[in-house]
Amino acid sequence: MTKIIGVRFREVGKIYYFAPGELDIKVGDKVIVETSRGLEYGNVVLGSREVSDESISSPLKSVIRMANAEDRKLVDENRRREGEAFKICKAKIMEHALDMKLISAEYTFDRVKLLFYFTAEGRVDFRELVKDLASIFKVRIELRQVGVRDETKIVGGIGSCGRPLCCHSYLSDFVPVSIKMAKEQNLSLNPQKISGVCGRLMCCLKNEADTYAYLNANLPKENDRISTKQGVQGVVSSVNILRQTVKLLVDKDGDEKELAEYHISELKFKARKQYRAAELEDGLEEEVESCLQTLSQLTGLELLKDRQLFKGIVAHLLPLRTRLEHQIQLANPLVADIKRDYIEVFELTKQAFASMPTLLAYSISDDEWAYLTLHVLAAIERYEGQKKLRVLVVCATGIGSALMLRNRLEKEFATSLEIADVVSYYEVTEERLRDVD
């Protein structure tokens, strides 16, 4: 195992890993590290933790020292100089009549290099521009051409949702986004509605893509002809992905048809091709099963057999891990109520899932634990609703009447009663009453 910390050099830049050595480094600390660009001033976003040697692709560089007040002043001075350098470079671009758009300027911490980021339609011959800038700033000059997504990430802005852009506020890296993700989520395919400020597909389409693909794999397609477990046949009119319900257009007497809604557990149909997200391939399902087994032992309920609970938690963990990786805090308006009214279930949920390998590397808020607790509370409610009362059928007039009573009870209360035995009044003993409700 190797001890590491995670460091960012820009507010929403990529996270780089370094060896902390003997230093006691916490999240929020400022450090000076050596990079391929020279010395850099960085912000610690991942605290000290141990990871397997196999997960590290190259030898880690060590943290040189903790940053001090002088380093902070130097960084502030660099930011001021970057603003001046941006204006000068923009004027020089106009002077050379170059077809390029300057995005930002950036000094390295030790001021040995000045980088300019720009966008352009094609290749740009900026050799004369570099010579002019080098003579002005007396440092090594580097111009980097970036795409429209990188431009938006650097500049920032407000998305159609009214919030700061994902790429500028928390995304460390861009992820591939396809039109199929919008289709899986039943979104409008109007380019204006699913495109971001950069003109490309919105990054947030990826946030819940795996969850929707996982849930869609459990549903029939529209216009499929399927049947219920009771033998009622019908055509799929629509599906509710999140609730996992299907609306069936059921044939009635004559030409009449009726629209009825069923949960997928009540239906019989051939599921779509099994979906395997990358997150599931690394053993997430096995981890959830292990946690549910622990929770079943803690509660004394057979929660491991509840497939709706299992699928719900797996589907919940996919976007949860994305949020944890990008340090997104999701507030839960019910957390206070859950901790007040269901504190025992809340603590048992934390106890069962806290040791889950997928979650071990992260600090999880009570808001997120409360979301997991809601899944467990729903399962407990289902369990209590399905639990049958174990009864002893007794009839004072004899065994014949008792058998008739049993038949009537089984017909009318089959979903709520389990008949342990049928006896006459004279056969009632302490032993017979011991295992009934």
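**Salt bridges, helix packing and aromatic pairs**

K131 is exposed, with a relative accessible area of 53%, where exposed stands for values over 50%, buried for values under 20% and partly exposed for those in between, computed with a 1.4 Å probe on protein chains only. The structure is a predicted model, in which local features need pLDDT of at least 70 and side-chain atom pairs count only at pLDDT 80 or more, whereas totals for chains, interfaces and linings use all residues. Residues are numbered from 1 along each chain as its sequence is written, and side-chain values use heavy atoms, with hydrogens and water left out.

The partner of K131 is E128, and the side chains of these residues meet in a salt bridge of 3.5 Å from N to O, a salt bridge being a side-chain nitrogen of Lys or Arg within 4 Å of a carboxyl oxygen of Asp or Glu. E128 is partly exposed, at a relative accessible area of 46%. Both residues belong to helix α2 (residues 127–137), where they are three residues apart, about one turn of the helix; helices (H or I, at least four residues) and strands (E, at least two) are taken as DSSP runs, numbered from the N terminus. An α-helix has 3.6 residues a turn, so residues three or four places apart point the same way.

In total, the structure holds 20 salt bridges. R340 counts as exposed at 56% relative accessibility, while D337 is partly exposed at 32%. The side chain of R340 also meets that of D341 in a salt bridge of 3.1 Å, N to O, and D341 counts as partly exposed at 47% relative accessibility. Elsewhere, salt bridges that share partners join E77, R80, R81 and E84 into one network.

The packing of helices was examined for α1 and α2. Helix α1 (residues 69–95) packs against α2 at an angle of about 145 degrees, and their axes are 10 Å apart; axes are lines fitted to C-alpha atoms, for helices over the stretch in contact, and angles run from 0 to 180 degrees between N-to-C directions. This crossing of α1 and α2 is right-handed, a term used if the near helix is turned clockwise from the far one by less than a right angle, with left-handed used if anticlockwise. In the contact (heavy atoms within 4.5 Å), A85, I88, C89, K92 and I93 of α1 meet L129, D132, L133, I136 and F137 of α2.

By contrast with the exposed K131, helix α7 (residues 209–216) is mostly covered, with eight of its eight residues buried; among them are D210, T211, Y212 and N216.

The structure also holds five aromatic pairs, meaning rings of Phe, Tyr and Trp (its six-membered ring) with centres within 6.5 Å, called stacked if the planes are under 30 degrees apart, edge-to-face if over 60 and tilted for the rest. F9 and Y16 form a tilted pair, at 5.7 Å centre to centre and 40 degrees between the planes. F9 counts as buried at 18% relative accessibility, whereas Y16 counts as partly exposed at 39%. The pair of F9 and F18 is edge-to-face because its planes stand at 85 degrees, with the ring centres 6.2 Å apart, and both F9 and F18 are buried.
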